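Below is a briefing on one protein model, grouped by topic. Please look over the sequence and the structure before reading on.

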Amino acid sequence: MVIEMAQFKMKVGVSEDEVLAASQEAQDGFLAKQKGYVSRELLKSSEGEWVDIVHWETMEDAQTAMNSFMGHPSTKKFGEVIDPSSIKMMHLEVVKKY
């Protein structure tokens with residue numbers, strides 16, 4: 001199992017409702033349909049930072065989806081609500097699950 005973590009902030013002037021709607025569109029139109037997709041959580045801190053966590057079966061599945069994400073029509077709005085300078089992304093392999 002691979003965990004993909006993307007930390008980001010919203011662009012100035014974007015509402016939380018806009019982020020949630022864009023995230024849902026990306027979920028339904030792209031992520032949930034990708035090979036190896038397992039599950040996803042979207043988190044928000046009290047300081048306004050977001051963390052998008054996606055669980056994948058393999059690193060290859062995660063990389064393939066990441067490489068196609070921004071070019072897909074259903075992910076366009078999600079990309080438009082995120083401040084691109086704030087994005088921090090990681091892929092982590094699950095070493096042990098308790």
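This is a predicted model: local features need pLDDT of at least 70, side-chain atom pairs count only at pLDDT 80 or more; totals for chains, interfaces and linings use all residues.

Residues are numbered from 1 along each chain as its sequence is written, and side-chain values use heavy atoms, with hydrogens and water left out.

**Largest pocket**

- The largest pocket has a volume of about 350 Å³. A pocket is an open set of points on a 1 Å grid over the protein atoms alone, where a 1.4 Å probe fits and protein lies on both sides within 12 Å along at least five of seven lines. Grid points are joined across faces, edges and corners, and the volume is the space filled by probe spheres set on the points.
- Its lining consists of 18 residues, and Ala-6, Phe-69, Met-70, Phe-78 and Met-89 lie nearest the centre. Lining residues have an atom within 4 Å of a point.
- Two or more lining residues come from each of β1 (2-9), β3 (49-56), α2 (59-69) and α3 (76-81). Helices (H or I, at least four residues) and strands (E, at least two) are DSSP runs, numbered from the N terminus.
- By type, the lining holds 14 nonpolar, 1 polar and 3 charged residues. Here Ala, Val, Leu, Ile, Met, Phe, Trp, Tyr, Cys and Pro count as nonpolar, Asp, Glu, Lys and Arg as charged, and the others, Gly among them, as polar.

**Nonpolar core**

- In soluble globular proteins, nonpolar side chains tend to be buried together.
- The largest nonpolar core in this model has 18 residues, and Val-19, Leu-31, Trp-56, Phe-69, Phe-78 and Val-81 have the most contacts inside it. Such a core is a set of buried Ala, Val, Leu, Ile, Met, Phe, Trp, Tyr and Cys residues joined through side-chain atoms within 4.5 Å. Buried means under 20% relative accessible area, exposed over 50%, and partly exposed in between (1.4 Å probe, protein chains only).
- The elements that supply two or more residues to this core are β1, α1 (16-29), β3, α2 and α3.
- Beyond four places in sequence, Phe-78 touches Phe-8, Val-19, Ala-22, Ser-23, Ala-26, Arg-40, Asp-52 and Phe-69. Contact means heavy atoms within 4.5 Å.

**Aromatic pairs**

- The whole structure contains 5 aromatic pairs. Rings of Phe, Tyr and Trp (its six-membered ring) pair if their centres lie within 6.5 Å; planes under 30 degrees apart count as stacked, over 60 as edge-to-face and the rest as tilted.
- Tyr-37 and Trp-56 have ring centres 5.9 Å apart and planes at 80°, so this pair is edge-to-face. The pair links distant parts of the chain, with Tyr-37 in strand β2 (residues 37-44) and Trp-56 in strand β3, 19 residues apart. Both Tyr-37 and Trp-56 are buried.
- Phe-69 and Phe-78 are also paired edge-to-face, at 6.3 Å centre to centre and 75° between the planes. Both Phe-69 and Phe-78 are buried.
- One aromatic cluster is formed by Phe-8, Phe-30, Trp-50, Phe-69 and Phe-78.

**Single residues**

- Trp-50 is in strand β3 and is buried, with a relative accessible area of 2%. Beyond four places in sequence, its contacts include Ala-6, Phe-8, Val-19 and Leu-42.
- Ile-3 lies in strand β1 and is buried at 15% relative accessible area. The C-alpha atoms of Ile-3 and His-55 are separated by 4.8 Å, although these residues are 52 apart along the chain.
- Val-38, in strand β2, counts as partly exposed at 38% relative accessibility. Leaving aside residues up to four places away, Val-38 touches Met-1, His-55, Trp-56 and Glu-57.
- Tyr-98 sits in the segment after β4 (88-93) and is exposed, with a relative accessible area of 85%. Tyr-98 and Gly-79 are 19 residues apart in sequence and 34 Å apart in space, C-alpha to C-alpha.
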